[in-house]
Amino acid sequence: MSETLLDVKQMCCPLPVLRANRVLRGMQPGERLRVLATDRASVADFKAYCRETGHALLASSEQDGVFSFVIRCREARPDDTGP
């Protein structure tokens, strides 16, 4: 399955989550977004963001100071007004 890549390295909280939110709003349900970040706070931020929004945090890892998050876009809700 293909992924959209979002590189937010060198950006500080809350920008990584805000940028990811903007991209996810334009994605179809089930599509995947891979986010690359260097801000340590992004680990807790993306967990909380996915928990609160209904997107699925499928994987997270860290290598050489770069955090990688794979997020699956949630199914549309009846009250969604679109992007």
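This is a predicted model: local features need pLDDT of at least 70, side-chain atom pairs count only at pLDDT 80 or more; totals for chains, interfaces and linings use all residues.

Me: Why is H55 called buried?
Reply: Buried means under 20% relative accessible area. H55 has 9% relative accessibility, so H55 counts as buried. You will find H55 in the loop between α2 and β3. Leaving aside neighbours within four places in sequence, H55 is in contact with residues including L24, Y49 and I71.

Me: What makes G30 count as buried?
Reply: The cut-off again is under 20%. G30 has 18% relative accessibility, so G30 counts as buried. This residue lies in the loop between α1 and β2. Its C-alpha atom is 9.7 Å from that of A76, although 46 residues separate G30 and A76 along the chain.

Me: How do you know that the buried residues of α1 line one face of the helix?
Reply: Start with the residues themselves: in α1, which spans residues 15-25, the buried ones are P16, V17, A20 and L24. Looking down the helix axis, they fall within an arc of 90°, so they line one face.

Me: What is found on the face of α1 turned away from its buried side, and what covers the buried residues?
Reply: The face turned away carries the exposed residues R22 and R25. The cover over the buried residues includes β1, β2, α2 and β4.

Me: Which residues have the most contacts inside the largest nonpolar core?
Reply: They are L24, L33, V35 and F46, in a core of 16 residues. Two or more residues each come from α1, β2, α2 and β4. Not counting residues up to four places away in sequence, V35 touches several residues, among them L6, A20, F46 and F69.

Me: Why are β3 and β4 called paired strands?
Reply: Pairing needs at least two bridges, and 7 bridges join β3 to β4, so the two strands pair. They run antiparallel. The strands form a hairpin with 2 residues between them, and D64 in the turn has a positive phi of about 55°.

How values were computed. Residues are numbered from 1 along each chain as its sequence is written. Side-chain values use heavy atoms; hydrogens and water are left out. Helices (H or I, at least four residues) and strands (E, at least two) are DSSP runs, numbered from the N terminus. Buried means under 20% relative accessible area, exposed over 50%, partly exposed in between (1.4 Å probe, protein chains only). The arc is that of the directions from the helix axis to the C-beta atoms. Contact means heavy atoms within 4.5 Å. A nonpolar core is a set of buried Ala, Val, Leu, Ile, Met, Phe, Trp, Tyr and Cys residues joined through side-chain atoms within 4.5 Å.
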